[in-house]
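This report concerns a single structure, shown below.

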Amino acid sequence: MSLAHLRAQMTRRKPLGEVEDEAAADEQLSRSLGLWQLTAIGVGGIIGAGIFTLAGAVAHSVTGPSVLISFLIAGVASAAAALCYAEFAGMVPKAGSAYTYGYVSLGEIAGWFIGWDLLLEYVAVAAVVAIGVSGYFKFLLEQVDITLPDWMLGAAGTGEGHVVDVFAMLFCLGTAWLLSRGIRSVGRFETVAVGIKVALVVLIIVLGVFHIDSANYTPYFPFGTGAVWTGAATVFFAVFGYDAMSTAAEESTEGKKHLPKAIIYSLAIAMVLYVLATLVLTGMQKYTEISPTSGFSTAFESVGQPGVANIIAVGAIVGIVTVVLTFMLGVTRVWFAMSRDGLLPAWFAKTHPVRKVPTRVTWIVGIGSALMAGLLDITVVAELTNIGILMAFIVVSVAVIVLRRTRPDEPREFRLPFMPVVPLIGIGFSLYLIWSLPWETWARFVIWLVAGLLVYFGYSRTHSELERGRRATAEGPASS
């Protein structure tokens, strides 16, 4: 094979018109999600472990009270990327999100890498959030004097006698079961659960503000001002749930119209709640006393409100489960889209004949996330998720600039303002946050990408639907 042909394979783009084509009957998804169900899925993906678990963990050992600034930095970067996602969502309402956007605008190898990247990152997000759910579940058991063996309460190295986090594994498997029931059931569950979660966060803010002690905000930068960037890189996964929501584009009743609005609405709602909640948390307790696993419950317990603490723990479990659901939904749809395009075996793209969901990949993802949640430390998994999502944000931000230049007249339901300033802001913030992550995270990420290269050159480039189409065209005259 010539170098020119190889380059042509890697840079070929999926035509926008082909993206809009209907798939085969056994590779179609059910369309049943409206605007507010999509928004609920987005909010469900953003608000969860970030407030209930990670905010406390980062405040305790990374930033102190300045965790609020970390969330604001992450929010600015996320908002810039969200506007890019919104423009793409209004043009390409198909499953796959950043993978599909990259394939259409930057070419096959870029689409492949971001898709391969998201397979790992979304599974890791589901795992880290399940670990957060487990922390609150264990808090509840302690309140009713239920003692369980140490070996089942956490991954090895996270506590004395810990071997595996059984509860986190069960949450992942239970979520896979719910996803396998069909997207209509998922949409209904998300809408109700997100309503409960938002009400809970509002309750936390309203009740917690009366227990704020301004002395707890001093010192505001106990680990130095540079720590807020490390904190922002760590909490970043808590502010991009709309990315996973956009993978459900093909299951929306009016994707081009509803997806851009749902992306913007979900991020706006989440950021307001994040800012107020972190302000309350760091004001209620000294950062050194904040629990890294069940921050708000222990904060209310410390001010003599054990009843509120228990309500928070129950609500946190419901709320955090929606995040597991959103990201597990995301990874299954990216996997489904890549398989339908021929970059992964078509066996994975088959949907259930009645429920019209990709049940095969759903259960594979459920088992994979369960193993990760049960056996790994939450900080390691959180850092692993962030580098991949930041890479996805960079790809989408670059892609939206490219497509504006190459397809300026293409109809867009939403056009992001201040082009190209907004995507460049997203790229700049994302690069800086990536640089703030530890080298071990980079090493794991590079190993995963190298594995992806082997899969692409060993299988994907020759099985791609675009490659099959090229061959059919080339062989056409000879066979006639």
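The sections below describe a predicted model.

## Nonpolar core

The largest nonpolar core comprises 145 residues. Within this core, the residues with the most contacts are Phe52, Tyr85, Tyr136, Phe236, Tyr242 and Tyr274. The element that gives the most to the core is helix α7 (residues 108-143), which supplies 21 residues.

Leaving aside residues up to four places away in sequence, Phe52 touches Tyr136, Lys197, Leu200, Val201, Ile204, Thr293, Ser294, Gly295, Ala316 and Ile320. One of these partners, Tyr136, is also listed with Phe52 among the residues with the most contacts inside the core.

Helix α10 spans residues 227-235 and is largely enclosed by the rest of the structure, because seven of its nine residues are buried. The buried positions are Ala227, Val228, Gly231, Ala232, Ala233, Thr234 and Val235.

## Packing of helices α3 and α12

Helix α3 (residues 35-46) packs against helix α12 (residues 255-284) at an angle of about 40°, and their axes lie 8 Å apart. At this angle α3 is therefore oblique to α12. The crossing of the two helices is right-handed.

On the α3 side, the contact is made by Leu35, Trp36, Leu38, Thr39, Gly42, Val43 and Ile46. Helix α12 contributes His258, Leu259, Lys261, Ala262, Tyr265, Ser266, Leu267, Ile269, Ala270 and Tyr274. Classed by type, the residues in the contact of α3 with α12 are twelve nonpolar, four polar and one charged. Tyr274, on the α12 side of this contact, is also one of the residues with the most contacts inside the largest nonpolar core.

Definitions and conventions:
Residues numbered from 1 in each chain as written. Predicted model: local features only at pLDDT ≥ 70, side-chain atom pairs only at ≥ 80, totals over all residues. Heavy atoms only, no water. Buried < 20%, exposed > 50% of the residue type's maximum accessible area, 1.4 Å probe, protein only. Helix = DSSP H or I, 4+ residues; strand = E, 2+ residues; numbered from the N terminus. Core = buried A, V, L, I, M, F, W, Y, C linked by side-chain atoms within 4.5 Å. Contact = heavy atoms within 4.5 Å. Axes fitted to C-alpha atoms, helices over the stretch in contact; angles between N-to-C directions. Parallel < 35°, antiparallel > 145°, perpendicular 65-115°, else oblique. Left-handed = near helix turned anticlockwise from the far one by under 90°. Nonpolar A, V, L, I, M, F, W, Y, C, P; charged D, E, K, R; others polar.
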